[in-house]
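Open the model in your viewer and keep the sequence panel beside it. The stops below say what to select and what is there.

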Amino acid sequence: MKHPSDSFLQCGRHRLDLSYPRVMGILNVTPDSFSDGGHHATLDDALRHAETMLAEGAAVIDVGGESTRPGAAAVPVEQELDRVIPVVERLVRELDALVSVDTSSPEVMQEASARGAGMLNDVRALRRPGALQVAAGSGLPVCLMHMLGEPDAMQRSPRYDEPVELAVACFLEERVAACEAAGLRRERLLLDPGFGFAKTVEHNLRLLNRMTALKKLGLPLMVGMSRKSMIGKVLGRAVEERLPGGLALVSLAVERGARLLRVHDVGPSVDAANMTWAVLQEGEEP
Ligand code: 7PJ
């Protein structure tokens, strides 16, 4: 029997109820994600965008200052701090938002948690030197994501010697053990298969279809497929045309056990998740 508190994650001052699927809105603060140049304008735009996403039903705002798209170059830590920290500060102070920080840098994790961030989201699953210790000391929940290699090289020739879902499960299990050894209890962890990170379209589709292999690890699952090339490649759609495909993936991810959905289009994704969830609640076979 599952204890009711199992479905709550304490995220700093916020408590996140994961007894049903929740949506995390993406807030990119990389320069290429804004059309206008001025720093102050950028910060205000970011705040307004976050406010809209919260009004549309986002439970969490995920702030990212490092482009982790395939082929992206590394960002110096000072630059990442400059981009991310002022946004975190204002989201917390002005909107009282539950803020997650999409970062692999221990410096950014440290500073963001000191400014009131409620969750850490690391596409490198705390593999940077010092990241495990800082994350453990922060007391915050952490999302561990699967990725082979680094973003700048990862799409060259993704290869797995076993079914991809087993490779991903094995990697995540190893990272959970590393966290526990560093004093970060598993109750604070979420797991993410890392769609689009060192994976072919076939890998991504299979990972979603076989996501129950990850559910067996017993931790809440997070997924991010919003606008990704797996949709573009299957449907032949440009980035701005990928919402319908993305909503199909949201629905299926919920059915396969995802509890946190990282998306750009919050309102439609909340509806897709809630509609799918409503069906799953009724008349389940024993
Ligand atoms: C993901 C992420 C994801 C988690 C990005 C993009 C690339 N964090 N950060 N999972 N993707 N946890 O959004 O296209 O899939 S950045």
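## Salt bridges

Select Arg115: with a relative accessible area of 31%, Arg115 is partly exposed, where buried means under 20% relative accessible area, exposed over 50%, and partly exposed in between (1.4 Å probe, protein chains only). This is a predicted model, in which local features need pLDDT of at least 70 and side-chain atom pairs count only at pLDDT 80 or more, while totals for chains, interfaces and linings use all residues. Residues are numbered from 1 along each chain as its sequence is written, and side-chain values use heavy atoms, with hydrogens and water left out.

The side chains of Glu111 and Arg115 form a salt bridge, 2.4 Å from N to O. The term stands for a side-chain nitrogen of Lys or Arg within 4 Å of a carboxyl oxygen of Asp or Glu. Glu111 is partly exposed, at 28% relative accessibility. Side chains of opposite charge can pair when their charged atoms come close.

Next, select Arg90 and Glu94, which form a salt bridge with their closest N and O atoms 2.7 Å apart. Why are Arg90 and Glu94 separated by about one helical turn? They are four residues apart in helix α2 (residues 77-95). Helices (H or I, at least four residues) and strands (E, at least two) are DSSP runs, numbered from the N terminus. Arg90 counts as buried because its relative accessibility is 16%, whereas Glu94, at 42%, counts as partly exposed.

Move on to Glu174 and Arg175, another salt bridge, with the closest N and O atoms 3.7 Å apart. Glu174 is partly exposed at 44% relative accessibility, and Arg175 is buried at 7%. How many salt bridges does a search of the whole structure find? It finds 17.

## A buried charge

Select Asp17, in strand β2 (residues 14-17). Asp17 is buried but has no salt bridge; the nearest side chain of opposite charge is Arg22, 5.1 Å away. For charge, Lys and Arg count as positive and Asp and Glu as negative, while His and the chain ends are not counted.

The side chains of Asp17 and Ser19 make a polar contact at 2.7 Å. Such a contact is a pair of N or O atoms within 3.5 Å; within protein, one must be able to donate a hydrogen and the other to accept it, and residues adjacent in sequence count only if both atoms are side-chain atoms.

## The ligand

An N or O atom in the side chain of Asp192 is 2.7 Å from a nitrogen atom of the ligand. A polar side-chain atom of Lys228 is 2.7 Å from an oxygen atom of the ligand, and a backbone N or O atom of Gly224 is 3.3 Å from a ligand oxygen atom. The protein covers 89% of the 390 Å² of accessible area that the ligand has on its own (Shrake-Rupley method, 1.4 Å probe; for residues, only the protein chains shown count as cover).

## A loop

Finish at Pro129, in the loop between β6 (119-122) and α4 (131-138). Is Pro129 buried or exposed? Pro129 counts as exposed, at 76% relative accessibility.
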